[in-house]
Amino acid sequence: SSTVPATVVSMIEALGLTEGHTVLEIGTGTGYSTALMCHCLGEDSVTTIEVDPQVATRADDALEAAGYSTWTVTGDGLVGHPRRAPYDRVIATCAVRRIPYTWIRQTRVGGRILATIGSWAYGTGLAEVTVHGDGTARGRIVGRSSFMQARSQATPTHLGDLEARAAYADTERATRVSPGLLEEWM
Ligand SMILES: C[S@@+](CC[C@H](N)C(=O)[O-])C[C@H]1O[C@@H](n2cnc3c(N)ncnc32)[C@H](O)[C@@H]1O
């Protein structure tokens, strides 16, 4: 896996877009990555979701000014956008704790999802999974990545950690994994 953190450009390159593909993007932001994908595939093949209405409006205006009347949706990208599914590719430029099953449901069989996953700050990796006909998706962490957490997941859940500590408070065992691993990004 790469030691250089992923950028929206390297992520788009990793998507392996070809003519005719349709893409769902989560996290429109400035609209920059959306514009790049519109340039590759055409404006009608790209659907992008932004949770912040003001950010979405600004991006939509910027995309129009750049000549792309694309599908900018305002809403929570964690639910995807079933109306235009299935997509060949799903790309998230915000981080998620786990890949929402809605994205898998909305991806064509053989299609790919690329997203930063992680559950605490900096402990994140770029996950790439392929969707299979049996409704599952399989893949691996393909690189290092850091994006802002999806809005509804931005606050860390402390409860889980405390529960785990309480559950194992009176037990002790040797670890087979060096704690030095915690020094590493992923
Ligand atoms: C790193 S920025 C995206 C950068 C963008 N791709 C670009 O090229 O400018 C992350 C964006 O994800 C948005 N976001 C956060 N949570 C979201 C969610 N649940 N659904 C959709 N967008 C979300 C944020 O508001 C922010 O604009």
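The space taken by the ligand is the largest pocket. A pocket is found on a 1 Å grid over the protein atoms alone: it is an open set of points with protein on both sides within 12 Å along at least five of seven lines. A molecule sits in it if more than half of its atoms lie within 2 Å of its grid points. The model is predicted, so local features need pLDDT of at least 70 and side-chain atom pairs count only at pLDDT 80 or more, while totals for chains, interfaces and linings use all residues. Residues are numbered from 1 along each chain as its sequence is written, and side-chain values use heavy atoms, with hydrogens and water left out.

Start with the chain. It has five helices and seven strands. These are DSSP runs, numbered from the N terminus: helices are H or I with at least four residues, strands are E with at least two. Along the sequence the pattern reads α-β-α-β-α-β-β-α-β-β-β-α. Of the 186 residues, 39% are buried. Buried means under 20% relative accessible area, exposed means over 50%, and partly exposed lies in between (1.4 Å probe, protein chains only).

Now turn to the ligand. How many residues surround the ligand? There are 23, and the closest are T30, S33, E50, D76 and G77. To count, a residue needs a heavy atom within 4 Å of the molecule. Four elements each supply at least two residues of this shell: β1 (23-26), α2 (32-41), β2 (46-50) and β4 (87-96). By class, the shell holds 10 nonpolar, nine polar and four charged residues. Asp, Glu, Lys and Arg count as charged; Ala, Val, Leu, Ile, Met, Phe, Trp, Tyr, Cys and Pro as nonpolar; the others, Gly among them, as polar.

D76 has a polar side-chain atom 2.8 Å from a ligand nitrogen. At V51, a polar backbone atom lies 3.2 Å from a ligand nitrogen. Taken alone, the ligand exposes 600 Å², and the protein buries 88% of that. Such areas come from the Shrake-Rupley method with a 1.4 Å probe.

Two residues complete the tour. T28 is in the loop between β1 and α2. Is T28 buried or exposed? It is buried, because its relative accessible area is 2%. E64 is in helix α3 (residues 53-65). E64 counts as partly exposed because its relative accessibility is 42%.

Note on methods
Polar contact = N/O pair within 3.5 Å; in protein donor to acceptor, adjacent residues only side chain to side chain. 1 Å grid on protein atoms, 1.4 Å probe; cavity = no way out; pocket = protein on both sides within 12 Å on 5 of 7 lines; lining within 4 Å.
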